Amino acid sequence: MLAQRTALFKSSGTAAARTAAKAAAASGKDIVDLTAGEIWSDLAPSVRNGAIAAINRNLNRYTDTVGLLELRHALAGKISADTAQPWSTDEIAVTNGAKQALFNAAMALLNPGDEVLIPVPYWTTFPAQIVVAGGTPVFIETRNSNYVPRLTDLAAAVTSKTKAIVVNTPNNPTGTIYDRDTLAGVAQLAIDRDFWIIFDECYGAFAHAPHTHDSIISVAPQARDRTLIVNSFSKSLALTGWRIGYLAGPKTVISAVKALQSHTTSNPNVIAQHALLHHLESGDPVFQLQLQRQVTNARALGLSILSALTLVPTPAAQGGFYFYLDLTELQRRANRTGRKSNPDDIVNALLMDAGVATVSGTAFGDPAGVRLSYGIDLESLDKGLRRLTAALNTWN
Ligand code: PLP
């Protein structure tokens, strides 16, 4: 018999969508895969050179549990620039991607029954990890407020058990960026009602003008001692497979995380750490600028195609690399004409009839959305979005 805990979670909905896309392609169908949570790109030269140099130096040992001191030093410089506040190495833990940073945060903060506010739609892993850590997710609807939580809704959901809020901006899946007023309001609420802010800024490198991404700490420095920053290089440098992320916050939390990580994964991979260190020390912005340009171009192409959708508003796509489609009107029409209108059915029809793989909003707690990634090459994106637009426009 398995532990009862295993009933609390299932495999991530985004992974399931990727698997369905691969299965359809393996059966011989021509599939354009818009499910990926990563950017199609070569490896950054600075990362490659740093990794090769580390291998040539024969590096093969454990490092400090929460990462090489030099890497944490370099990260302290980065986080100081991001937040306009000084940071020290003992306020930072290097982790196996942002996912482990989030898991560490949940394990270090939550007691059984503690509540964590999560705006919906949410990235699928947030509630899963909170439940595994013994907490209770409290979902805050954002669909009637442009996918940004209303402060009044957040305030109304706070109870004596509220321990934290997850703030993810730029947001996966919705592509929205929380503006400074929203961040200031969330920070003030956390201070007034005494809870933590888990600030996931994994997509912070991709803010599409005129939108800008701000650290909640730079907006509200007074919230720093109750904020945990979660970030990684998975998206910003297209390094999903290298598994380097970090958690930054008060020393007491980082010290607890260090103890936890010493019993779980120990340090992140030594070669990957040196590769990132080399990248940060080289200070070469060229690769990241190229990646940002690539994402900007893909967004522009995608928005021009999606503007032809008749029953679906053109998505905001303020940050990150996802288009999030609001299917409400399309579902209303489908209901009238007796067509299937659940997003899972729509995603399945797009896959089987139009050859486009997407992720259903149900993976993100939303019964009226579909997520499309534009992290892929332009030719495939063009083909996939044209197919999708043509297919959805027949839902009339
Ligand atoms: N946070 C968000 C919002 C994400 O979308 C993802 C990955 O998709 C992660 C964290 C995890 O990133 P990593 O690959 O660095 O673990």
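Modeller: By class, the shell around the ligand holds five nonpolar, five polar and four charged residues (Ala, Val, Leu, Ile, Met, Phe, Trp, Tyr, Cys and Pro count as nonpolar, Asp, Glu, Lys and Arg as charged, and the others, Gly among them, as polar). The model is predicted, so local features need pLDDT of at least 70 and side-chain atom pairs pLDDT 80 or more, while totals for chains, interfaces and linings use all residues. Residues are numbered from 1 along each chain as its sequence is written, and side-chain values use heavy atoms, with hydrogens and water left out.

The ligand is surrounded by 14 residues, the closest being Asn 172, Asp 200, Ser 234, Lys 235 and Arg 243 (a residue is near if one of its heavy atoms lies within 4 Å). Helix H4 (residues 97-109) gives the largest share of this shell, four residues; helices (H or I, at least four residues) and strands (E, at least two) are DSSP runs, numbered from the N terminus.

Asp 200 has a polar side-chain atom 2.6 Å from a ligand nitrogen atom. For Lys 235, a polar side-chain atom lies 2.7 Å from an oxygen atom of the ligand, and an N or O atom in the side chain of Ser 232 is 2.8 Å from a ligand oxygen atom. The protein buries 93% of the 390 Å² that the ligand exposes when taken alone (Shrake-Rupley method, 1.4 Å probe).

Together with H5, H4 gives two or more residues to the lining of the largest cavity, which holds about 50 Å³ of space. On a 1 Å grid over the protein atoms alone, a cavity is a set of points where a 1.4 Å probe fits but cannot get out, and lining residues have an atom within 4 Å of a point; a volume is the space filled by probe spheres set on the points, which are joined across faces, edges and corners. This cavity is lined by Leu 102, Ala 106, Phe 126, Gln 129, Ile 130, Val 166 and Ile 198. Six of these residues are nonpolar, one is polar and none is charged.

The second largest cavity has about 40 Å³ of space. Phe 126 and Val 166 are among the residues that line the second largest cavity, to which strand S3 (115-120) and strand S5 (162-168) each supply at least two residues.

Notes
A polar contact is a pair of N or O atoms within 3.5 Å; within protein, one must be able to donate a hydrogen and the other to accept it, and residues adjacent in sequence count only if both atoms are side-chain atoms. On a 1 Å grid over the protein atoms alone, a cavity is a set of points where a 1.4 Å probe fits but cannot get out, and a pocket is an open set with protein on both sides within 12 Å along at least five of seven lines; lining residues have an atom within 4 Å of a point.
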